[in-house]
Amino acid sequence: MEPTRHLDVVTVRGYSEIKSALRKADKGQYDSIYVFFTGDKDQNGVSWCPDCVRAEPFIHGSLDKTKGRSIFFWCYVGERDKWKNPKNQFRVDPVFQLKCIPTLIKIGTKRLTEAQCCRDDLLDLIFDDDSDECRASARTNVSSSASKQCCMCILF
């Protein structure tokens, strides 16, 4: 019997909304928490960020790959001028540490940035719970080829 799969998708706008939403997301309720950071959209529904526009269909197409009970936050970081400010809250936050958008984070384990968000093979890895074991092997055997291959693992 296949395990139950459930995905909640929530849209938030700005730093305070994502921080509040993450505090409210009961960690015991979800197996995985994902956040996709992207540029705001105009009145026509198009983001000012061309890399975000390219990544969006890949992200949408990969959401069905989540396992267990998951929550996915679609987080708009603001207009271009606000995002480009080096003191932007998303950039200086000790957990997010965003350098670029689009960025997809699986809280506690992995991060994809820019063009990586358009790669189905990397999206498969970020949504695959079994690939979290590469994080542990990277910590225990730094010289192993497995740890060198995993370019997206991060620790929060």
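**Figure 1. The sheet of the predicted model and the order of its strands.** Two strands are said to pair if DSSP finds at least two bridges between them. In this predicted model, five strands form an open sheet, and going across the sheet their order is 1-3-2-4-5, with mixed pairing. The edges of the sheet are strand 1 (6-13) and strand 5 (110-113), each of which pairs on one side only. From one strand to the next, the twist averages 15°. In general, the strands of a sheet pair through backbone hydrogen bonds, and they may do so in either a parallel or an antiparallel way.

**Figure 2. The hairpin of strand 4 and strand 5.** Strand 4 (residues 103-106) and strand 5 run antiparallel and are joined by four bridges. Within this pair, L104 stands opposite L112 of strand 5. The two strands make a hairpin with three residues between them, and in the turn G108 has a positive phi of about 95°.

Figure 3. Helix 2 (residues 50-62) lies across strand 2, strand 3 and strand 4, and runs at about 165° to strand 3.

Figure 4. Which residues of helix 1 are buried? They are I18, A21 and L22, and, seen down the axis of helix 1, the buried residues fall within an arc of 100°, so they line one face of the helix. The face turned away from this buried side carries the exposed residues S16, R23 and K24. The cover over the buried residues of helix 1 includes strand 1, strand 2, strand 3 and helix 4 (89-92).

Figure 5. In soluble globular proteins, nonpolar side chains tend to be buried together. The largest nonpolar core here has 21 residues, of which I18, F37, F73, F90 and L98 touch the most other members. Helix 1, strand 2 and strand 3 are the elements that give two or more residues to this core. Leaving aside neighbours within four places in sequence, I18 is in contact with V12, V35, F73, C75, F90 and F96. Apart from this core lies another, of 15 residues, and A55, I59, L123 and I126 are among them.

Figure 6. T38 has its place in strand 2. Is T38 buried or exposed? Its relative accessible area is 3%, and because buried means under 20%, T38 counts as buried. When neighbours within four places in sequence are left aside, the contacts of T38 are C52, W74, C75, Y76, V77 and I101.

**Figure 7. Cysteines without disulfides.** The structure holds zero disulfides. C100 is in no disulfide, and the nearest cysteine sulfur, which belongs to C117, is 8.0 Å away; a disulfide would need the two sulfur atoms to be within 2.5 Å. C100 is buried, with a relative accessible area of 13%, and C75 counts as buried too, at 0% relative accessibility.

Conventions. Residues are numbered from 1 along each chain as its sequence is written. This is a predicted model: local features need pLDDT of at least 70, side-chain atom pairs count only at pLDDT 80 or more; totals for chains, interfaces and linings use all residues. Side-chain values use heavy atoms; hydrogens and water are left out. Axes are lines fitted to C-alpha atoms, for helices over the stretch in contact, and angles run from 0 to 180 degrees between N-to-C directions. Contact means heavy atoms within 4.5 Å. A nonpolar core is a set of buried Ala, Val, Leu, Ile, Met, Phe, Trp, Tyr and Cys residues joined through side-chain atoms within 4.5 Å. Buried means under 20% relative accessible area, exposed over 50%, partly exposed in between (1.4 Å probe, protein chains only). The arc is that of the directions from the helix axis to the C-beta atoms.
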